[in-house]
Amino acid sequence: MDIEIIIRRFSERESFSAGDVIFQEGEAASKMYLIAEGEVDLSVQGEPLGVEVVNGSVGEMAMVDPASRMTTAKAKTDCKLVPIERNRFLDLIREYPEFSLHVMELLADRLRLANNIRTKS
């Protein structure tokens, strides 16, 4: 799935400076983000989960389960992110069905990593 196609489709960007918290584990979740510029660190219970880069995404779980965030996302570098709220997400998966598979694969990978971190604690 070429996420860059989706990123180019939207002009709206949210800017974050290096070190800014984009969202925090435990807070309410209402949107995911596509990374137009920069890098984002992900962590669970303070343990590193990975780094997402340009054309990556963070916060996908909010599209499936809008309960509290399971991870913390922090800007590793200055970032420009495309916010995707649930209605926009539903439109995207109708237009690009492969996008839903892409998101499910990311969720599976991140849940597996997060579970490994949580079971070590």
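Modeller: Let us begin with a contact: the side chain of Ser57 makes a polar contact with the side chain of Glu60, at 2.6 Å. Please keep in mind throughout that this is a predicted model.

Colleague: What makes the pair Ser57 and Glu60 a polar contact?

Modeller: The cut-off for such a pair of N or O atoms is 3.5 Å, and the distance between the side chains of Ser57 and Glu60 is 2.6 Å, so the pair falls within the limit and is called a polar contact.

Colleague: Why does Ser57 count as buried?

Modeller: Buried means under 20% relative accessible area, and Ser57 has 3% relative accessibility, so Ser57 counts as buried. Ser57 lies in strand E6, which covers residues 57-58, and, leaving aside neighbours within four places in sequence, Ser57 is in contact with Met32, Tyr33, Leu34, Ile35, Glu52, Leu106 and Arg110.

Colleague: How do you know that E6 pairs with E3?

Modeller: Two strands pair if at least two bridges are found between them, and E3 and E6 have two bridges, in the antiparallel sense, so they are counted as paired. Within this pairing, Tyr33 has Val58 in E6 as its bridge partner. On the pairing of E3 with strand E8 (residues 79-85), which is also antiparallel, there are six bridges, and Ile35 stands opposite Leu81 in E8.

Colleague: Why is E3 described as largely enclosed by the rest of the structure?

Modeller: Strand E3 covers residues 31-37, and six of its seven residues are buried, so the strand is described as largely enclosed by the rest of the structure.

Colleague: Why does Leu42 count as buried, and what does Leu42 touch?

Modeller: With the limit for buried at under 20%, the 6% relative accessibility of Leu42 means that this residue counts as buried. Leu42 is in strand E4 (residues 40-44), and, not counting residues up to four places away in sequence, Leu42 touches Glu47, Pro48, Leu49, Gly50, Glu52, Val58, Thr71, Thr72, Ala73 and Arg110. The C-alpha atoms of Leu42 and Val58 are separated by 8.1 Å, although these residues are 16 apart along the chain.

Colleague: What makes E2 and E5 the edge strands?

Modeller: Four strands form an open sheet in the order E2-E7-E4-E5, with antiparallel pairing, and strand E2 (21-23) and strand E5 (47-52) each pair on one side only, as edge strands. From one strand to the next the twist averages 30°. E2 is joined to strand E7 (residues 72-75) by two bridges, running antiparallel, and the bridge partner of Val21 in E7 is Lys74. Helix H4 packs on this sheet, where it touches E4 and E5, and its direction makes about 160° with that of E5.

Colleague: How do you know that the span of H4 is close to the expected one?

Modeller: Helix H4 (residues 97-120) has 24 residues and reaches 36 Å from its first C-alpha to its last, which is close to the 34 Å expected at 1.5 Å a residue. Its buried residues are Phe99, Val103, Leu106, Leu107, Arg110, Ala114 and Ile117.

Colleague: Which residues meet where H3 packs with H4?

Modeller: Phe89, Leu92, Ile93, Arg94 and Glu95 in H3 meet Pro97, Phe99, Ser100 and Val103 in H4, and by class this contact has six nonpolar, one polar and two charged residues. Helix H3 (residues 86-95) and H4 pack at an angle of about 115°, with their axes 4 Å apart.

Notes. Residues are numbered from 1 along each chain as its sequence is written. This is a predicted model: local features need pLDDT of at least 70, side-chain atom pairs count only at pLDDT 80 or more; totals for chains, interfaces and linings use all residues. Side-chain values use heavy atoms; hydrogens and water are left out. Buried means under 20% relative accessible area, exposed over 50%, partly exposed in between (1.4 Å probe, protein chains only). A polar contact is a pair of N or O atoms within 3.5 Å; within protein, one must be able to donate a hydrogen and the other to accept it, and residues adjacent in sequence count only if both atoms are side-chain atoms. Contact means heavy atoms within 4.5 Å. The expected span of a helix is 1.5 Å times one less than its number of residues. Axes are lines fitted to C-alpha atoms, for helices over the stretch in contact, and angles run from 0 to 180 degrees between N-to-C directions. Ala, Val, Leu, Ile, Met, Phe, Trp, Tyr, Cys and Pro count as nonpolar, Asp, Glu, Lys and Arg as charged, and the others, Gly among them, as polar.
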